[in-house]
Amino acid sequence: LYTSSALLEELADVLSREKWTAMLATGQTHAAYLMQRYGLLAKVVRPKRIGRIVPNDPDDDAVIACALAASADLIVSGDRHLLRLGGQYQGISIVTPAQAVQLVGR
């Protein structure tokens with residue numbers, strides 16, 4: 001599991017939104033706790049410098065840059081812009097969470 005400082009910042013931003021704050025509160029947890037636990041699981045890499053890859057969402061380029069830096073085999077995402085890249089980018093498969101579960105279960 002790999003991430004970058006840009007992806008960590010985006011995750012922290014998303015988890016601080018009202019929708020997620022309310023959802024986390026029902027499970028009696030909070031964003032800071034999830035960020036801490038995620039930080040223990042994920043290895044932070046320095047992303048590769050890349051040009052514009054994802055046409056409709058330049059923030060998603062950070063995911064590609066991180067995956068390239070990590071020499072990842074797989075990007076797992078529900079993001080429609082990443083998934084529209086045709087299932088792969090430079091040999092890195094881009095799959096939905098459901099597809100990832102199927103792949104891991106083999």
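Colleague: Where is the place of Arg46 in this structure?

Modeller: In this predicted model, Arg46 sits in the loop that links strand E2 (43-44) to helix H4 (61-69).

Colleague: And is Arg46 buried or exposed?

Modeller: The idea is to compare the relative accessible area with a cut-off: exposed means over 50%. Arg46 has a relative accessible area of 76%, so Arg46 is exposed.

Colleague: How many residues apart along the chain are Arg46 and Ser5, and what separates their C-alpha atoms?

Modeller: They are 41 residues apart along the chain, with 7.8 Å between the C-alpha atoms.

Colleague: What about Ser4: is that residue buried or exposed?

Modeller: Here the cut-off to keep in mind is under 20% for buried. Ser4 has a relative accessible area of 0%, so Ser4 is buried. You will find Ser4 in the loop between strand E1 (2-3) and helix H1 (5-15).

Colleague: Which residues does Ser4 touch, leaving aside those up to four places away in sequence?

Modeller: Ser4 touches Val44, Val45, Pro47 and Cys66.

Colleague: Let's turn to the sheet. How do strands of a sheet pair?

Modeller: Strands of a sheet pair through backbone hydrogen bonds, and the pairing is either parallel or antiparallel. In this model, strand E3 (residues 74-76) pairs with strand E5 (residues 92-95) in the parallel sense, over three bridges. To pick out a pair by eye, look for Ile75, whose bridge partner in E5 is Ile94.

Colleague: Do E4 and E5 run parallel or antiparallel?

Modeller: Strand E4 (residues 88-89) and E5 run antiparallel, joined by two bridges. Opposite Tyr89 you will see Ile92 in E5.

Colleague: What do E4 and E5 form, and how many residues are between them?

Modeller: They form a hairpin with two residues between the strands. In the turn, Gln90 has a positive phi of about 45°.

Colleague: In what order do the three strands form the sheet?

Modeller: The order is E3-E5-E4, in an open sheet with mixed pairing. E3 and E4 are the edge strands, each pairing on one side only.

Colleague: Which strands does helix H6 lie across?

Modeller: Helix H6 (residues 97-104) lies across E3 and E5, and runs at about 120° to E5.

Methods: Residues are numbered from 1 along each chain as its sequence is written. This is a predicted model: local features need pLDDT of at least 70, side-chain atom pairs count only at pLDDT 80 or more; totals for chains, interfaces and linings use all residues. Side-chain values use heavy atoms; hydrogens and water are left out. Helices (H or I, at least four residues) and strands (E, at least two) are DSSP runs, numbered from the N terminus. Buried means under 20% relative accessible area, exposed over 50%, partly exposed in between (1.4 Å probe, protein chains only). Contact means heavy atoms within 4.5 Å. Two strands pair if DSSP finds at least two bridges between them. Axes are lines fitted to C-alpha atoms, for helices over the stretch in contact, and angles run from 0 to 180 degrees between N-to-C directions.
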